[in-house]
Amino acid sequence: MILIMLVVGYKLVFDPYRPESPNSCWSHKSAELDSKQNEPSIDNISYDVPMQTGQTHDYIMANTFQKQFVRMELDPELEKGLVFVIKAFKTVFGQDFSPTITSAHDSFNTHDKWSPHRWGRAVDIGLADLPLKEKRRIVKFLKATMPDYFTIRWENQGIQTEHLHLQYRQ
């Protein structure tokens, strides 16, 4: 039992995929030029997104739930799209409805190095507890009305991790 605790403790501290880890494989420091190729390398790219403030961010925080550990540090353009999505959910499910953000600028252990979640350019909104007819309706509506620089995907259909993936493409 003690051996297991030591291994788990070591893994939590030195896990290369945790941002707090001293051995992290990605850095919170600004991207520095790689001396060999004179280009940024994947190991020194900064995934930091400035903490957002203002009316758009305040609206998002007041009108959504966030799963524990979700970091709502989002690209300002994604925030504008997310406000539209929240208003669409409220139109379909009523003004008292608040969608649940299940992933945003977080989940570094579940998203790959190039995931838009790492850049604050994607959010996942839980759909598992909603009626199938309404899920279809809202996904169809959002795909038809969102600008082309947003991606809307209905992911993990039919299982507990079912969600709407909203992504801002530059």
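Predicted model: local features only at pLDDT ≥ 70, side-chain atom pairs only at ≥ 80, totals over all residues.
Trainee: Why is Phe150 called buried?
Mentor: Buried means under 20% relative accessible area, exposed over 50%, and partly exposed in between (1.4 Å probe, protein chains only). Phe150 has 8% relative accessibility, so it counts as buried.

Trainee: What is Phe150 in contact with, beyond its neighbours within four places in sequence?
Mentor: Contact means heavy atoms within 4.5 Å. The partners of Phe150 include Glu77, Leu78, Gly81 and Tyr168. Phe150 and Tyr168 are 18 residues apart in sequence, and their C-alpha atoms are 4.7 Å apart in space.

Trainee: What puts the buried residues of H4 on the same side?
Mentor: In H4, Glu134, Lys135, Ile138, Val139 and Leu142 are buried. They cover an arc of only 130 degrees around the axis, which puts them on the same side of H4. The arc is that of the directions from the helix axis to the C-beta atoms. On the other side, Lys133, Arg136, Lys140, Lys143 and Ala144 are exposed.

Trainee: Which handedness has the crossing of H2 and H3?
Mentor: The crossing is left-handed: the near helix is turned anticlockwise from the far one by less than a right angle, whereas clockwise would be right-handed.

Note on methods:
Residues numbered from 1 in each chain as written. Heavy atoms only, no water. Helix = DSSP H or I, 4+ residues; strand = E, 2+ residues; numbered from the N terminus.
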